[in-house]
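Dear colleague,

Please find below the structure that I am handing over to you. My notes on it follow directly after.

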Amino acid sequence: MFTPKYPPQDTAPIPTTSAPTTYSPTAYVPAPAPVPNRPTVQLTAGSTLALAAGGGALVLVVGAVLVSMLLAVAITAASVAVCAVTVRSILKSDRR
């Protein structure tokens with residue numbers, strides 16, 4: 001399971017040491033790498049519906065979290081403002 005999987009050995013012929021006498025643009029072009037056979041994902045109507053429902057639920061959850069964080073910041077700002085007004089009022093009345 002945890003052993004590495006190496007690609008198959010290269011079976012290209014070994015080039016000879018003598019250089020070609022004429023220029024050929026494809027003389028030393030390597031063969032393209034083989035494309036691995038991967039299974040294709042096929043979406044059925046049920047899996048598409050489940051994917052859409054999961055995405056919608058994710059959007060709703062993230063939206064609820066962001067709105068609750070914004071509400072927490074607003075409540076904190078309001079309470080700090082009330083505290084600041086109260087402290088200012090106490091200090092102002094203390095000077096008289």
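Val65 lies in helix H1, which spans residues 45–95; helices (H or I, at least four residues) and strands (E, at least two) are DSSP runs, numbered from the N terminus. Please note that the model is predicted: local features need pLDDT of at least 70 and side-chain atom pairs pLDDT 80 or more, while totals for chains, interfaces and linings use all residues. Residues are numbered from 1 along each chain as its sequence is written, and side-chain values use heavy atoms, without hydrogens and water.

The protein contains 1 helix and 0 strands. Of its 96 residues, 0% count as buried (under 20% relative accessible area; exposed is over 50%, partly exposed in between; 1.4 Å probe, protein chains only). Its accessible surface is about 9,600 Å², with 71% belonging to carbon and sulfur atoms (Shrake-Rupley method, 1.4 Å probe; for residues, only the protein chains shown count as cover).

Val65 counts as partly exposed because its relative accessibility is 43%. Together with Leu58, Val61, Val62, Leu66 and Met69, Val65 makes a nonpolar surface patch of about 570 Å².

Asp10 is located in the segment before H1 and counts as exposed, because its relative accessibility is 69%. Asp10 and Ala33 are 23 residues apart in sequence, and their C-alpha atoms are 9.7 Å apart in space.

Yours sincerely

Key. Patches are made of residues with over 30% relative accessible area and no salt bridge: like charges are joined within 9 Å, nonpolar side chains (Val, Leu, Ile, Met, Phe, Trp, Tyr) within 5 Å. A salt bridge is a side-chain nitrogen of Lys or Arg within 4 Å of a carboxyl oxygen of Asp or Glu.
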